[in-house]
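The entries follow the order in which I made them.

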Amino acid sequence: ADVGVIVDLALRQGGVEFLDLSGRNLGPETGEHVARLIAEGAIQGVILVDNALGPDGARAIGSALAVAPKGRVEVLDLAGNDIGDEGAAHVIEGLRADMEVLVLDRNGLTDASAEAVAAALRENPLTKMIGLAGNDITDRGAKALAEALSGGRPLEALELSNTLIGDVGGAQLCVAAVLEALVLTGCPLTPGGVRAMARAA
């Protein structure tokens, strides 16, 4: 079905709780359509995994998050959309609006996005889960996240599997952060580094 038609119907009905259009390769215009729901405060959760949104689609969603009622959008999953750091910068601002779950796996992100997430986390005590798996994030990004999560600021889950984080970044996260789940599967960790992380946790 056409996403614009789905959004029109949802708005006429007063909104929807969750919209999942994953794996449809719908393109950047999908971000523009869904942005209408977000801006109106008519949706709580958006899952658009693998839809080729690109930076333009992410920008539209980010602009909508900036005007949406605070705390209305609780879950946003944009994994696998090639949004890059440019698109992520807009979406990450949503964390400042009390978003609980943000997933940006497999989006070609670098340490710049990890640092932006870290800055936003300092302003939002309600975030429960961050997903940055499959991106080009190194120990530098891990250090920024560790610093943001230091001082007892809890987070239920931080997903960083298949990134470029090594022993140093992993240890920093284990020492500084209060995490129920830290996922570093597929990262370039050495056996000694893993043992050091286990002692620090």
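Predicted model: local features only at pLDDT ≥ 70, side-chain atom pairs only at ≥ 80, totals over all residues.

Entry 1. I looked up glutamine 44 and found it in strand S2, residues 43-47, where helices (H or I, at least four residues) and strands (E, at least two) are DSSP runs numbered from the N terminus. Glutamine 44 counts as buried because its relative accessibility is 18%; buried means under 20% relative accessible area, exposed over 50%, and partly exposed in between, with a 1.4 Å probe and protein chains only. Leaving aside neighbours within four places in sequence, I listed Val16, Glu17, Arg72, Val73, Glu74 and Val75 as being in contact with glutamine 44, contact meaning heavy atoms within 4.5 Å.

Residues are numbered from 1 along each chain as its sequence is written, and side-chain values use heavy atoms, with hydrogens and water left out.

Entry 2. I turned to threonine 30, which lies in helix H2, residues 28-39, and which counts as buried because its relative accessibility is 1%. Not counting residues up to four places away in sequence, threonine 30 touches Val3, Leu48 and Leu53.

Entry 3. I placed aspartate 2 in the segment before helix H1 (3-12), and with 48% relative accessibility aspartate 2 counts as partly exposed. A polar atom of the aspartate 2 side chain lies 2.9 Å from the backbone nitrogen of glycine 4, and a polar atom of that side chain lies 3.1 Å from the backbone nitrogen of valine 5. I also took the C-alpha to C-alpha separation of aspartate 2 and histidine 90, which is 25 Å for two residues 88 apart in sequence.

Entry 4. Which residues of helix H4 are buried? In H4, residues 84-92, I found Gly84, Gly87, Ala88, Val91 and Ile92 to be buried. They sit on the same side of H4, because they cover an arc of only 135 degrees around the axis, the arc being that of the directions from the helix axis to the C-beta atoms. Among the elements that cover these buried residues are helix H3 (54-67), strand S3 (75-77), strand S4 (101-103) and helix H5 (111-121).

Entry 5. I searched the whole structure and found one cavity of 30 Å³ or more; on a 1 Å grid over the protein atoms alone, a cavity is a set of points where a 1.4 Å probe fits but cannot get out, a pocket is an open set with protein on both sides within 12 Å along at least five of seven lines, and lining residues have an atom within 4 Å of a point. The largest cavity has a volume of about 50 Å³, a volume being the space filled by probe spheres set on the points. Its lining includes Arg72 and Val73, both of which I had listed as contacts of glutamine 44.

Entry 6. The largest pocket holds about 150 Å³ of space. Helix H7 (167-176), strand S7 (178-183) and helix H8 (191-200) each supply at least two residues of the pocket lining, and the largest share, three residues, comes from S7. One of the lining residues is Val194, which is found in helix H8 and is partly exposed, with a relative accessible area of 42%.

Key
Polar contact = N/O pair within 3.5 Å; in protein donor to acceptor, adjacent residues only side chain to side chain.
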